[in-house]
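Subject: Handover of a structure and its description

Dear colleague,

Please find below the structure that I am handing over to you. I would be grateful if you could read the description with the structure open beside it.

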Amino acid sequence: MKSILKNACLLFLLVPWLGMAQELTVTGTVSDTEGFPLFGATVQIKDTNLGVQTDLDGTYTINVDGSQTLVFSYVSTAPLEVAINGRSQIDVVLESEALETVVISAPIYGLENPTAAVSTVKAKEVEQVPIASLDQVLQGRVAGLNVATGSGQPGQQGTITIRGVNSFNGDSEPLFVIDGVFVDQDNFRSLNANDIEDIQVLKDASASALYGSRAAGGVIVVTTKRGKFNSPLTLTYRSQYGVSLKPDPNFDVLSSRELLEYQRLIGTGAGNGLTDQEIADLAQINTDWSDIFFRNGTTISHEIAVSRGSENSRSFNSLGYFEQEGITLGSSLQRFTFRTNNEVRSDRFQLSSQFTANFSKSNFVVDRARGGNTGGQLDNPFIVPYIGLPFQDAFNADGSLNTFGTVASGALNADGSINASGANGFLNTPYLALNTATFNTDNEEELRLIGSLDASYELAKNLKLGALLGADYRQQNGTIITTPGSIRGLITPTADSDLKGSRQESDFRDLRLNFNASLKYKNTFGDVHDVTASLFTEYNKRHVRSFGFVGFGLNPLFEQSINGITSGQVVELQGGAETRPYIPILFGSQNDRGLFSYFGVLSYRYDKRYELQASLRRDGSSFFPDENEFGTFYAVSGRWNIANEAFMAKQEWVNELALRVSYGTVGNQELFIPFGQFSLFSPAIGYNATPGVVPSAIGNDNLKWEETTQANLGIDFSFFENRFSGNLDFYSNTTRDALLFRPVSLTSGFNTFPDNVGKLRNKGVDFEFNYALVRNEAKQLFVNLYGNVNYNDNEILSLFDGEERVGNLGVGQSIGEFRLVRYAGVNPANGEPLYLDANGQITNQFNPDDAVFLGKGTQPLYSGGFGADVQYKGFGLSCLWSFAAEQYRTNGSLAVTEDPSLAGFANQSTTVLNAWSQPGDITDVPDPNLGGFRFQAGDRYLENSSFLRLRNIVLSYTLRGEQFKKKPFAAARIYMQGQNVLTFSRWRGFDPETNTGSSFFDFPTARTFTLGLDLTF
Amino acid sequence: MKKLFIYIASVALLFAGCRDATDILPVDSVAAEGALTTPEDIDLALSGAYAAYNPQLIIQFSSRFTDDLRFGVDNGGQGTVEHNQTINAGSGVVNNIYSSYYAVINRANRVLEAIETIDSSSLTEAQVDRLRQIEGQALALRALAHFDLLTVFAPGFADGDLGVPYIDFVVILELPGRDSVGDVFAGILSDLDAAEAILEDSANIFLNKDFITALKARIALYRGNNAQAISLADQLIATYPLADRAQYVAMYADADNTEVIFKASRTVADGRAGGLFYFTGTGGAFFEMSFGLFDSLDPLDIRYDVLLDDDEDGGTIDPVSNPPETLFIKKYPGRDGQFGLNDLKLYRVAEQYLIKAEAQARLGQLAEAAITIDALRDARFGSDQPAPNYSTVLEAITDILSERRKELAYEGHRFIDLRRTRDITGLGIVRNDADCGGPTPCELLPTDFKFTLPIPQAEIDVNPNIEQNPGYDTN
């Protein structure tokens, strides 16, 4: 309908031209450098308002005057002007800016920096991926960017590292900038990735220096959709429905019979002293608790986006709803997103505003990543598949799920009355976990507002003033309810109180403001000398506030209401004494931090062949004492566009070839504690319930900026009609004055104090490529392969005072490298565990001093991704694999299931069936009768968690409106998508990916399958 | 043009706002330098120092490591490392004890440092008096913490033995080495003397003059100054009567102070002593009384009632006719309806009787020792008990040790008592057969290096001046 109107208008507009000009119909296709037809590219007649957009095949038809010029443009590509010169067919390739020139597109700087090492992720790669946290969507897409996720909770953020960990204790995560706003880099669950136009990952000093402090870990610059000038109204509706499934467990636990026999063998638990017949009777129940605790979670999303543009204004608006259930009961995310981006311009003035308002509600389970949990909580649903006793029955006699427990599990006394202690005990773990998930609440509502206002004004020819005001506001309201009827409620606030249960309310606010003012001069001299000079000042401030309370004793009639909380004044008689069991707990905190910077950038380009850029900045931080407040950082970089040299003119197979080099410094201030420069006293409850003050930190009044020197040498290339393109970068980043919570003698009353010590280096290689294997326009078949890989070698060069080792940090070793006592298996003679001492001699004594560096660490040596896109007529198939190699972590979950001292109440791994039982047995599992050696494991549970994962696969079919008589829509795309479909790993657990060095009953990430529909009108 | 002015004004404002962004002070805390400027501030810091004193750590270690406990019905791995005697330098329990006691010392030193720097000329007389009392208590607290550290980290009490670092200043980056036991005792006694000279009478939840005498008596006994131990103990025995049976029961419910010289106050804000054996939320027992201790208890002895929760199964346990399956511990029964919440009675006059008896026995005054022990037994049985008859020092020490076990059970003495008397008894830790087996050792030989805790690995790693205890240092 819309299209008909559009065409009608177009015809109408064209009418006056008919007789006046040399009328000509031009057709052609517009494709990108990978050979893909570009749908929705704008083809405009220069200096007019007339234009059309390409259809799905990238084809267009436009009526012109043969002497006119066409301007082709597409999102994130440079516009291309082509004089018609009477031709009736013009096919063009629009080169994406990643290949031609890189524009650091955050409007705050608006500077081109072709000399930087930058990778770009485009909208189509992040749209409609059913992962609620934007950072996770990036995994496998960019060389050198690694995202490790610690939990399968929908919306859970990951830990991002770019080119390795470059600080001991300082923040190593990249700075996130969305539309010029410096946002919280750890929280994305409320943001809609579909709003994103592109994401640029800045990896070297020349790029990062513009962002100064906090950029040492790289910068991720996100630009949201703007709409296009001179474009008709486009309405897109997108919807997705899907299901999340549990991952494959790569481990086995004992069956009922096996466990009971094992318990009998070692004389513990229910199996102790049973006859074969009794075991056979009990083993009739054989519950697989992972069947009970995992569920299929649904994902639903709907989104409407509208964009349009006129000559001097453009806008993009979207409204979205997203809902995702985790793979266990009680885990979910619900999200409403809204965005409006608007821009107006006149000859000299330009103003754009970007604003997004989002609301999300998350329901959490008692998993490891939540709050102060360790994973060992008995109501952690993910502990149950490991330790839940298989001979316990998940169901009541009537077939319903048992959410309380049994006499055998200790929850009930023999007479059927409730046993509060037993219900909360180890034997009752599965029921307790079900009970908490069913009856208790842990949710968080998040309001996230991000807005920026960006203006520029041309003061004079070549001279522009700019200003940007940005704000990121995040408010989280948490509610944790332990209901009176739940098992946890039985002992809350105490086992004796008349009223039970508790409710926690918390309020957390984080406001980040940045304000940037700039003056830019840009000019071209003698046609070949392009000069840009800019000056900036920047102000950053962050305000964090939180408060909350825990109230006790919920009135059963109002247990979901805040008014159900019992007053702290209420007195009860317990054991003959007057008590006040319901006194609420209050908490809160407040801190601010800030940065002030000024900096300048100078760039020069000669004849599109040689490009140079230099920047210099001063950053002042509230983290450091006055005399060290300001740090000075600089970068210089250059690019030689070899392909533009005269001597390359004959090498037609070379479309692009450029050499980049950059060198510079960036600072890091983030030590996670804002006041490391001060020794502190804090209020605390003192002795005998009187107020007190206690020393709470040893400060360092010499604290200063951590500085990373980054060197990068890169090549950008594109060959054979742009069929094969990519970039290759070598880098070496050295961090000095690295921030470390340096251990101090325990006689100080503390463990550590913050200091700038030591030096570490990350060096490595990034490689990204794209290869258009098939580009057959006649058959409409396109096959494109792509991939990226990073090799990163992290090395600690020095610590302090000539120390060779501090804790698990060792000179010559890498950050995250394990230092453990080596486990040497089991003595065949007596079943004892054996270890290697520091000198490599076998010993039966476990001594932590025998720990050695193992050359195995948490940070992968190689990481990356690869995939293929196939397009045939309307069909599309794309897949992305991601991998990480040479990464390790300890398997604490498995250790619990190989600990005979826990076998009385915790199911065990099938590996215990191989335990030593008589002299001569060769095995890795010691004699269970010697007890558990979980705390003397050394590297026994250190496992390779390298993986290869089919991260994303999409099969789609696109219908064009023209195929139907009435043209009900411009285009419709239906697709099936799979996430984490296949995983290959030797890791013995649910999920090899994590952001910690050890696993302990973590919430695994799900396999998610969705069906989707995109409709464009 | 207007816009231009706005821009320029904005840029100017930015520079003006610079200090607002870079000079930010904490709100939730105060910079330590100059934080404690009034006697009232320092009083708050003293309260903070007391709050760090957590003798429960040593009570826990001593109870679990020796022969007074066995794993309880609800044990899920709690205390395994201590009970199975697999402690190494990396064990959390070691680090906790070491760190916790040095935190007390650090806080006491900060109090003393603040007192030194305060300008007393502007203070009222009452404020000056209060400062003196604070000083006395901080000194006594520092002495007490050092003493407790010695009992677990020093391999012996001879002057030449390795002690612990004696710290009388605020350590920040210094790396103090171990002082000899003699030097540490010299520091402790000097602190105690200084405190004694200052302190006035105070409630028994604060370190007071009588506490100083009691600690000195204990030190004298441990160091073998037996005559001095007797004379110090006698001073307290003259002042404090032994509790009668009713008072004794009430004492453990925090309702009687007849024989309490010093107790660490515990409120809902502190850890609960009941948490030594029970999950305080659910009441599930992860440790129970050992059969070894149970067998030594006479049901007519009030200590049987105080120690054992014998009606858990709805009846009275008869050790013969009704041997118990579970032995739940009642020593910390709780108060005010708060399960397991009780003050820690650390210095009682009963211990002074035991100190006196042991010192007498060590001096060969066996008959006198028997009389001293008999006085304690009479009080606990509520009737005249036959006095023991010791014919050898070994016999006397063995009996006194057994008496200490019953009287001071779960009060943190057992480990140090077994350790101190090894040379006489020739025994280490010997558990009842019913309490051990499998991974839980039945005996720790008297010569075993595990009779001393290792210096925590975290300290060894950072401090080249610190020496590890023998046996733990295999490299």
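The paragraphs that follow describe what was found.

This is a predicted model, in which local features need pLDDT of at least 70 and side-chain atom pairs count only at pLDDT 80 or more, while totals for chains, interfaces and linings use all residues. Residues are numbered from 1 along each chain as its sequence is written, and chains are lettered from A and ligands numbered from 1 in the order in which they are written.

Two packed helices are described by the angle between their axes and the distance between the axes. Helices and strands are DSSP runs (H or I of at least four residues for helices, E of at least two for strands), numbered from the N terminus. Axes are lines fitted to C-alpha atoms, for helices over the stretch in contact, and angles run from 0 to 180 degrees between N-to-C directions.

In chain B, helix 7 (residues 125–153) and helix 8 (residues 181–198) have axes that come within 8 Å and cross at roughly 155°. Helix 7 of chain B is therefore roughly antiparallel to helix 8 of chain B (the term applies to angles over 145 degrees). Residues are in contact when their C-beta atoms, placed from the backbone, lie within 7 Å. Among the residues of helix 7 of chain B that meet helix 8 of chain B are Leu139(B), Ala140(B) and Phe147(B). By class, this contact has 12 nonpolar, three polar and four charged residues. Here Ala, Val, Leu, Ile, Met, Phe, Trp, Tyr, Cys and Pro count as nonpolar, Asp, Glu, Lys and Arg as charged, and the others, Gly among them, as polar.

The axes of helix 3 (residues 39–52) of chain B and helix 6 (residues 92–117) of chain B also come within 8 Å, and they cross at roughly 165°. Helix 3 of chain B is therefore roughly antiparallel to helix 6 of chain B. The residues of this contact divide into 11 nonpolar, two polar and two charged.

The nonpolar core

A nonpolar core is a set of buried Ala, Val, Leu, Ile, Met, Phe, Trp, Tyr and Cys residues joined through C-beta atoms within 7 Å. A residue is buried if 20 or more other C-beta atoms lie within 10 Å of its own, exposed if 12 or fewer, and partly exposed in between. The largest core has 152 residues, of which Ala49(B), Val104(B), Val111(B), Ala140(B) and Leu141(B) touch the most other members. Helix 7 of chain B gives the most to this core, with 14 residues. Beyond its neighbours within four places in sequence, Leu141(B) is in contact with residues including Ala49(B), Val104(B) and Leu207(B).

Two tyrosines

Tyr102(B) lies in helix 6 of chain B. This residue is buried, because 25 other C-beta atoms lie within 10 Å. Leaving out residues up to four places away in sequence, Tyr102(B) touches Leu746(A), Thr747(A), Gly749(A) and Ile167(B).

Tyr321(A) is found in strand 17 (residues 313–325) of chain A. Tyr321(A) is partly exposed, because 15 other C-beta atoms lie within 10 Å. Not counting residues up to four places away in sequence, Tyr321(A) touches Ser301(A), His302(A) and Phe336(A).

Yours sincerely

Definitions and conventions:
Parallel < 35°, antiparallel > 145°, perpendicular 65-115°, else oblique.
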